[in-house]
Amino acid sequence: RVLAMLRGEKESMLSIHISPPAVQAVAVLQDIFVTGETQASLEVRQAVQDRYKPLLESSMETEVRKEARIRAEDAAIAVFAENLRELLLAPALGQKNVLALDPGFRSGCKLVYLDRQGQLIHNDTVYPHTGDRAEEEAGYKIVDLCRIYDIEAIAVGNGTAGRETEAFLRTLELDANIDIVMVNESGASVYSASEIARNEFPDHDLTVRGAVSIGRRLMDPLAELVKIDPKSIGVGQYQHDVDQKALKERLDDVVGSCVNNVGVELNTASGELLSYVSGLGHKLANAIVDYRNENGPFATLESLKKVPRLGPKVFEQAAGFLRIREGDNPLDASAVHPESYKVARAIAKDIGQPLDQVVGNASVASQIDPNRYVTDKVGLPTLTDIIEELARPGRDPRQEYEPFSFAEGINKMEDLSVGMKLSGIITNVTAFGAFVDIGVHQDGLVHISNLANKFVSNPADEVKVQQQVWVTVLEVDLERKRVGLSMKG
């Protein structure tokens with residue numbers, strides 16, 4: 001509220017004045033500083049009366065304004081950071097063959113095929129919304145592509161023509177195992193015009209890059225969203241009114257924390273994603289990608305030391321957050337740090353099993369007694385973590401992906417009516433409530449008073465960004481394009 005009021009004052013829509021009632025304030029000051037009835041006391045009393053208004057009152061207002069702004073900015077940045085964390089740690093579809101569409105009406109739907117590593121293999125344009133013949137041709141083309149490339153999921157951007165394109169896809173005779181998923185495309189246009197996108201796809205235009213971003217967001221939101229300025233992703237509150245340096249530092253910390261928490265696949269990660277790994281920066285991350293492009297994928301984490309300017313200290317910092325799946329060393333697929341490989345090998349030897357039979361075998365790991373391997377350098381907590389990793393190497397801390405679909409036949413605001421119960425996804429959480437995408441191109445607002453059947457002081461305690469929810473339509477204002485929702489009951 002403070003930031004909203006200050007913005008209103010900046011735009012000359014209102015004026016703010018902060019001060020206690022002058023008479024009472026002067027009386028309080030006189031009680032403090034006037035202690036007698038002498039001539040000097042009378043002078044002090046008069047000085048309080050004369051100087052309070054022009055000096056002390058304005059000074060107090062300045063201090064209160066400053067303190068209120070600092071508190072409000074801290075709260076707004078905290079909300080932004082928490083929303084960003086939830087968005088980055090959203091469930092990932094994983095390595096699947098994906099067909100991604102950036103929808104459009106007259107301009108058509110840009111279509112791309114991404115392989116299981118997220119590489120662009122094929123792109124095309126279909127026109128399902130420009131007449132029956134074009135719609136039929138588009139259907140044949142999509143069905144053929146799904147068959148040829150063994151498509152496992154279809155990602156559809158939730159912008160213009162998104163719901164209409166989704167409805168069209170559901171009329172096609174596709175394999176029942178192919179999930180059709182609406183993907184939030186906020187920031188995709190920013191990425192498609194960025195230097196990062198130009199470097200990745202120098203021979204393709206913005207529409208192709210945007211479709212690629214949509215598909216990759218479904219496969220791994222974290223890996224794709226790190227390429228976009230967090231302020232362009234569409235979460236947060238009053239982001240342009242807070243200290244921009246403090247906001248950037250906090251958001252960068254959140255991104256780095258999420259990347260290191262999840263871990264990074266060394267042989268497929270982009271330079272932007274690698275740059276957030278502990279110990280690496282943009283220069284070393286790009287050096288890793290260049291080395292990988294010249295020499296092929298890394299066979300082991302140890303071979304990372306061959307990258308120019310990547311010394312032992314950097315390797316020690318970064319190795320624990322990097323993964324190599326299907327590499328020469330099965331431990332490289334886990335979060336076990338290379339400095340603890342010796343312990344893992346000793347455990348495998350004592351069990352009498354090859355290392356590759358121990359890694360990923362929960363039944364074997366459950367038989368290991370960590371107390372046998374405690375030393376002055378390796379404590380019980382470390383050993384417990386090692387054994388957990390042996391049972392579930394490279395486990396992803398994110399929740400398991402679950403397909404989601406909006407209500408059929410509800411594609412625009414005109415389709416809504418009061419009392420409808422609809423499925424939706426939380427897109428933003430603010431101090432006054434939460435915004436929910438219900439598939440009508442306009443997010444609805446669940447006010448804080450309608451979040452639960454109890455008093456809610458902080459919306460973030462009840463809902464998170466990307467959470468799937470059920471809502472009831474309370475109000476539809478077509479003129480102002482506003483939808484009021486409730487999660488009560």
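Predicted model: local features only at pLDDT ≥ 70, side-chain atom pairs only at ≥ 80, totals over all residues.
Q: Why are H3 and H10 called roughly parallel to each other?
A: Look at the angle: helix H3 (residues 39-88) and helix H10 (residues 244-262) pack at about 25°, and their axes are 10 Å apart. Angles under 35 degrees count as roughly parallel, so H3 and H10 get that label. As for the sense in which they cross, it's right-handed.

Q: Why is Leu 247 called buried?
A: Leu 247, which sits in helix H10, has a relative accessible area of 1%. The cut-off for buried is under 20%, so Leu 247 counts as buried. Setting aside neighbours within four places in sequence, Leu 247 touches Ile 77, Phe 80, Lys 231, Gln 239 and Val 242.

Q: What makes helix H5 largely enclosed by the rest of the structure?
A: It comes down to a count: H5 (residues 162-169) has eight residues and six of them are buried, so the helix is largely enclosed. The buried ones are Gly 162, Arg 163, Thr 165, Glu 166, Phe 168 and Leu 169. What do they pack against? Their partners are strand S1 (98-102), strand S2 (109-114), helix H4 (132-148), strand S4 (153-157) and strand S5 (179-183).

Q: Why do S3 and S5 stand at the edges of their sheet?
A: Start with the strand order, S3-S2-S1-S4-S5, in an open sheet with mixed pairing. Strand S3 (120-126) and S5 each have a single partner strand, so one side of each is left without a neighbour in the sheet. On average, and ignoring direction, neighbouring strands of this sheet are turned by 20° against each other.

Q: How do you know that S1 and S2 count as a pair?
A: Pairing takes at least two bridges. S1 and S2 are joined by five bridges and run antiparallel, so they pass the test. One example is Asp 102, whose bridge partner in S2 is Lys 110.

Q: Which strands does H4 touch as it packs on the sheet?
A: H4 touches S1, S2, S3 and S4, and its direction makes about 165° with that of S3. H5 packs on the sheet too, touching S1, S2, S4 and S5, and its direction makes about 155° with that of S4. The mark for roughly antiparallel is over 145 degrees, so H4 with S3 and H5 with S4 both fall in that class.

Q: How does strand S10 pair with S9 and with S12?
A: With strand S9 (residues 433-437), S10 runs antiparallel and is joined by four bridges. With strand S12 (residues 482-486), S10 pairs in the parallel sense over two bridges. At least two bridges are needed for a pair, so the two bridges to S12 are enough. Here Val 446 stands opposite Leu 485 of S12.

Q: Which residues make up the covered face of S10?
A: Strand S10 (residues 444-447) has Gly 444 and Val 446 on the covered face, while Leu 445 and His 447 are on the uncovered one. The hairpin of S9 and S10 has six residues between the strands, and in it Gly 439 takes a positive phi near 90°.

Q: Which residues of helix H1 are buried?
A: In H1 (residues 2-10) they are Leu 3, Leu 6 and Gly 8, and the buried residues pack against H3. Just after H1, Ser 12 takes a positive phi of about 65°.

Q: How many helices and strands are in the protein chain?
A: The chain has 17 helices and twelve strands. It has 489 residues, of which 47% count as buried.

Definitions and conventions. Residues numbered from 1 in each chain as written. Heavy atoms only, no water. Buried < 20%, exposed > 50% of the residue type's maximum accessible area, 1.4 Å probe, protein only. Contact = heavy atoms within 4.5 Å. Axes fitted to C-alpha atoms, helices over the stretch in contact; angles between N-to-C directions. Parallel < 35°, antiparallel > 145°, perpendicular 65-115°, else oblique. Left-handed = near helix turned anticlockwise from the far one by under 90°.
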